[in-house]
Amino acid sequence: MATERYDHNAIEGRWQETWERDGAFRTKKDGAGDKYYVLEMFPYPSGKIHMGHVRNYSIGDVVARFLMMRGRNVLHPMGWDSFGLPAENAAIQHGTHPSVWTRENIANMKTQLGRMGFSYDWPREVATYKPDYYRWNQWIFLKLLEKGLAYKRRSHVNWCPGCATVLANEQVEDGQCWRCSSAVEEKELEQWFLRITAYAGELLDFTYKLPGWPERVLIMQRNWIGKSAGAEAVFKVADSSAEIRIFTTRPDTLHGMTFMSLAAAHPLTSKITTAERRAEVEAFAARVKAEAKPGRGAGEIKKEGVFTGAYCVNPLTGDKVPVYAANFVLMGYGTGAVMAVPAHDQRDFEFAKVYGLPVKVVINPPDATLDPASMQEAYVEDGVMVNSGRFNGMKNTEAMTAITAALAEAGAGRETVNYKLRDWGISRQRYWGCPIPVVYCGTCGTVPVPYEELPVVLPEDIKLTGKGASPLAEAEGFVNAKCPKCGKAARRETDTMDTFVDSSWYFLRYCSPKAETLPFDRSDAERWMPVDQYIGGIEHAVLHLLYARFFTKALRDLGLHGFDEPFKNLLTQGMVCKETRKCHAHGFLYPEEVRDGKCVQCGTEAKAGPVEKMSKSKKNVVDPDVLIDEYGADTTRLFSLFAAPPEKDLDWSEDGVEGAYRFIGRVWRLVLENMDTLNAAEPYAVGGATLEGSALDVHRATHRTIKKVTQDIEERFHFNTAISAIMELVNALYQFNEKDARPDVFKEAVEAVVLLLSPFAPHVSEELWQRLGNAEPVYKTAWPRPDPDALVADEATIVIQINGKVRSKVTVPVDAAEEFVKDAVIKDEKTAEWTKGKTLRKFVYVPGKIVNMVVG
RNA sequence: GCGAGGGUGGCGGAACUGGCAGACGCGCCAGACUUAGGAUCUGGUGGGCAACCAUGGGGGUUCGAUUCCCCCCUCUCGCACCA
């Protein structure tokens with residue numbers, strides 16, 4: 001009789017319906033068990049899910065399902081990061097309204113996630129484009145405004161011509177837009193900012209209190225925050241009322257300052273420039289501004305500058321030194337002004353050499369004396385103070401505090417801490433985002449929209465041209481408003497919020513998605529937060545993950561909850577990659593454009609290119625829908641978890657998918673082909689008849705596998721090794737020739753296989769579990785526990801090494817004493833051969849494991 | 001330049017605190033069952049005829065090193081004039 005074939009389509013559809021009907025994954029609000037909040041970064045609804053999503057969400061689903069079976073009370077929600085540019089671009093290109101496009105994409109992707117069998121609590125779904133979500137963005141914004149954590153300022157901003165909007169500093173990578181790679185330009189605009197810098201210290205400190213985060217993410221955040229301790233000093237400009245403020249990490253070198261460098265864009269640069277230098281300085285400033293565009297990331301450029309004609313006075317020495325405008329001084333860091341100490345700073349040294357400025361040594365190495373005339377580079381190490389008046393002879397490290405104190409005494413400075421982190425600019429000149437809830441009144445100025453008028457709804461009727469100005473500015477009905485204070489005609493803010501605002505607190509909304517009086521309910525948030533396990537891509541290391549931490553702290557300080565950090569454990573999964581193929585004439589090729597290693601269009605060789613992150617432009621994408629049709633969700637999930645550990649990049653391989661499919665088929669047949677045996681089996685009774693031979697081996701293997709799979713999932717998220725352990729047990733069961741003698745042992749093992757496999761391949765597991773005669777579905781079944789008695793072996797195999805090389809093995813009782821083992825080893829024939837005629841010099845015994853005999 | 005993480009069979013990857021290197025899967029080879037099989041099952045599969053040699057290369061510690069230490073090569077990622 002032919003065995004019924006494994007039909008993934010029928011099985012998966014059936015179980016998805018069952019789960020849906022039973023509300024299987026609804027969070028039990030008052031359920032028993034410790035809470036566990038597992039969260040995957042919610043997707044942007046671009047239209048279809050991609051393999052990156054499949055991997056991300058498969059990892060999360062294993063965690064969620066595993067913990068449900070372990071009896072934890074699991075919160076596992078999903079939603080949509082659904083404001084953003086692609087919707088708007090689609091509208092411009094195809095004439096679809098962003099809201100229509102977004103709704104359709106969400107519907108489609110939700111279906112796809114359903115087809116993957118992910119265990120989400122869908123009734124908690126949030127979508128950031130909906131007024132009932134973004135009204136709370138606005139609410140939070142107003143609270144931040146009240147607290148002084150949101151403010152408006154005219155400033156130099158990053159402008160992306162491709163996206164026709166402003167970008168935050170975090171969204172500029174190597175001078176390019178993080179999204180579209182256009183070269184970012186500088187613009188001066190009136191912008192709303194969130195004062196993330198108020199939390200710089202705390203955000204930094206807590207990076208040392210997040211042991212569940214990958215070290216490299218923490219390091220990236222620390223670098224981005226960029227704390228440095230030093231001093232601030234004020235220099236009076238000679239013959240002027242102006243003062244130049246500088247920040248330095250090396251106050252010890254103050255006496256070695258021989259000139260001052262200002263950023264070309266520094267407001268004082270033009271102010272203090274003398275009449276005769278003006279033309280030159282302005283020309284220089286214009287040139288620096290023009291060159292500054294690609295500047296970031298381009299590495300070091302040649303040091304250039306120009307003398308302003310002005311001098312400033314060293315507050316401690318009274319020395320007058322020239323003030324230069326210099327191209328390497330950044331306006332965006334510190335104060336935009338630098339005290340230049342050529343002897344002890346490499347950049348100042350290079351600059352001084354170009355312009356013939358003096359080099360004054362104030363620190364000597366412990367064992368040498370520096371000669372300014374012959375120095376080839378700045379001396380930046382520690383040493384002993386010289387040429388520094390009363391500080392001479394001190395260690396420079398001591399002089400740092402001493403000189404800072406002297407500055408403070410002179411009223412010309414103080415100890416301070418400086419950060420690279422800038423405030424977060426959130427204004428975006430685009431339509432498809434959350435409106436910023438303020439109005440501008442001719443009489444009252446900037447007026448917040450009253451809380452009771454929220455949400456400020458994004459108007460639906462809008463013309464999108466992609467021309468660049470804020471599209472909302474064209475919407476008369478939106479722009480024209482009444483001043484909430486005086487009632488006169490006023491103008492609404494027409495910029496929208498950066499969509500990273502939306503995603504900075506969505507994990508809180510999931511805790512009480514229907515809350516109507518506050519963004520989230522405090523007790524719900526405190527019940528579920530922090531997220532126990534957060535899973536997503538590394539690309540958000542300093543974007544979303546920093547903003548979300550900031551929001552959590554700011555909301556705490558608004559009194560909305562009482563915890564400090566949003567994500568207890570973070571897993572950053574690797575990218576999904578695949579081999580590329582390229583033809584000289586036609587560039588990247590899809591797999592179907594290659595036949596017999598040749599390009600189907602021109603017949604030239606289609607070269608196998610490097611393995612790269614899946615992307616449409618490289619034509620190396622795999623469509624999850626196609627995979628699900630062909631192999632099913634279980635196979636898709638299983639392969640993406642088996643092929644590599646989650647944090648590493650995954651090389652997609654069609655053959656590997658095939659392998660995963662085969663394995664599921666193998667488990668399927670293991671059950672169906674042995675149905676009679678399994679049906680006849682009594683449950684395995686602990687303490688029943690003594691086992692021996694292969695039945696004992698299988699019984700022990702079953703419990704060892706349970707132990708290993710449990711540990712691999714729970715302790716390390718090493719799903720690849722967990723799956724391989726299940727495969728080993730399945731292989732052993734195919735070899736089990738006494739299954740009819742001990743059907744109980746066989747059935748115990750088969751049931752373990754099905755249960756252990758269920759977080760990875762839930763549909764086929766449900767199906768087999770039911771066919772094994774279980775009334776309760778797998779997801780409600782307790783995760784198996786290894787029987788400690790079954791794990792104990794009564795014999796141990798001792799590996800025998802002779803001079804470090806494996807030569808033989810011997811089996812002894814586990815509790816054998818060393819003398820007994822030594823005796824057994826010496827009696828071993830092979831061992832005797834290898835040691836014949838030699839003297840035993842050393843006998844090393846690692847109990848239960850290995851013997852190493854050193855002979856000679 | 002600075003910082004972090006990698007380099008193990010033909011390929012993806014195992015080896016948790018030093019203890020049988022290459023689990024598991026792919027691929028490949030052979031056999032069985034078949035009209036047939038790209039299905040399935042079984043066996044084999046790092047190199048070398050062997051002694052032996054093999055975890056990027058070279059040193060070291062150790063009875064014993066993929067694992068610990070030092071030097072070097074290489075790849076990936078992040079930062080990059082941050083005063």
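Ala548 is buried, with a relative accessible area of 0%, and sits in helix α16, which spans residues 544–557. This is a predicted model, so please read the distances below as computed from it. Another part of the picture is RNA strand B, which has 52 residues around it.

- Where does Ala548 sit? Its place is in helix α16.
- Setting aside neighbours within four places in sequence, Ala548 is in contact with Ser504, Phe507, Pro566 and Phe567.
- Ala548 and Ser503 are 45 residues apart along the chain, and their C-alpha atoms are separated by 7.3 Å.
- Thr258 is found in a loop, the one between β11 and β12 (259–263).
- Is Thr258 buried or exposed? Thr258 counts as buried because its relative accessibility is 8%, and the cut-off for buried is under 20%.
- The side chain of Thr258 reaches the backbone oxygen of Pro358 at a distance of 2.9 Å.
- Pro358 is also one of the contacts of Thr258 beyond four places in sequence, and the others are Val321, Pro322, Ala340, Pro342 and Lys360.

**Around RNA strand B**

- Which residues come nearest to RNA strand B? They are Thr249, Ile301, Tyr333, Arg347 and Met727.
- Of the atoms of RNA strand B that come within 4 Å of the protein, sugar and phosphate account for 67%.
- Thr249 uses its backbone here: one of its backbone N or O atoms lies 2.5 Å from a sugar or linking oxygen of RNA strand B.
- Tyr333 uses its side chain, where an N or O atom is 2.2 Å from a phosphate oxygen of RNA strand B.
- Lys842 also faces a phosphate oxygen of RNA strand B, with a polar side-chain atom 3.2 Å from that oxygen.
- By class, the surface near RNA strand B has 20 nonpolar, 20 charged and twelve polar residues.
- Several elements each supply at least two residues of this surface, including the helices α7 (215–225) and α19 (654–672) and the strands β11 (243–248), β34 (795–802) and β35 (805–813).
- Helix α22 (719–734) belongs to that group too, and gives the most to the surface, with seven residues.

**Helix α22 and its partner α18**

- How do α18 and α22 cross? The axes of α18 (residues 633–642) and α22 come within 7 Å and cross at roughly 115 degrees.
- On the α18 side, the contact is made by Leu638, Leu641 and Phe642, and on the α22 side by Phe719, Asn720, Ile723, Ser724 and Met727.
- The residues of this contact divide into six nonpolar and two polar, with no charged residue.

- Four strands form an open sheet in the order β35-β34-β37-β36, with mixed pairing.
- β35 and β36 are the edge strands, each pairing on one side only.
- From one strand to the next, the twist averages 20 degrees.
- β36 and β37 pair in the antiparallel sense over six bridges, and Tyr845 has Val851 in β37 as its bridge partner.
- β36 (840–846) and β37 (850–855) each supply at least two residues of the surface near RNA strand B.

**The sheet with β5 and β9**

- Another open sheet has four strands in the order β6-β5-β9-β19, and the pairing is antiparallel.
- Its edge strands are β6 (165–167) and β19 (424–425).
- Strand β5 (residues 150–160) is joined to β6 by three bridges, and Trp159 stands opposite Val166 in β6.
- Helix α5 (residues 131–146) lies across β5 and β9 (185–194), running at about 90 degrees to β9.

**Strand β28 and its partners**

- Five bridges join β28 to strand β32 (residues 607–613) in antiparallel fashion, and the partner of Lys578 in β32 is Glu612.
- Strand β28 (residues 576–583) runs parallel to strand β33 (residues 650–651), with two bridges between them.
- Val576 stands opposite Leu650 in β33.
- β28 and strand β29 (residues 587–588) run antiparallel and are joined by two bridges, with Phe588 in β29 as the bridge partner of Lys582.
- A hairpin joins β28 to β29 through three residues.

Methods: Residues are numbered from 1 along each chain as its sequence is written. Chains are lettered from A and ligands numbered from 1 in the order in which they are written. This is a predicted model: local features need pLDDT of at least 70, side-chain atom pairs count only at pLDDT 80 or more; totals for chains, interfaces and linings use all residues. Side-chain values use heavy atoms; hydrogens and water are left out. A residue is near a molecule or strand if one of its heavy atoms lies within 4 Å of it. A polar contact is a pair of N or O atoms within 3.5 Å; within protein, one must be able to donate a hydrogen and the other to accept it, and residues adjacent in sequence count only if both atoms are side-chain atoms. Ala, Val, Leu, Ile, Met, Phe, Trp, Tyr, Cys and Pro count as nonpolar, Asp, Glu, Lys and Arg as charged, and the others, Gly among them, as polar. Buried means under 20% relative accessible area, exposed over 50%, partly exposed in between (1.4 Å probe, protein chains only). Contact means heavy atoms within 4.5 Å. Two strands pair if DSSP finds at least two bridges between them. Axes are lines fitted to C-alpha atoms, for helices over the stretch in contact, and angles run from 0 to 180 degrees between N-to-C directions.
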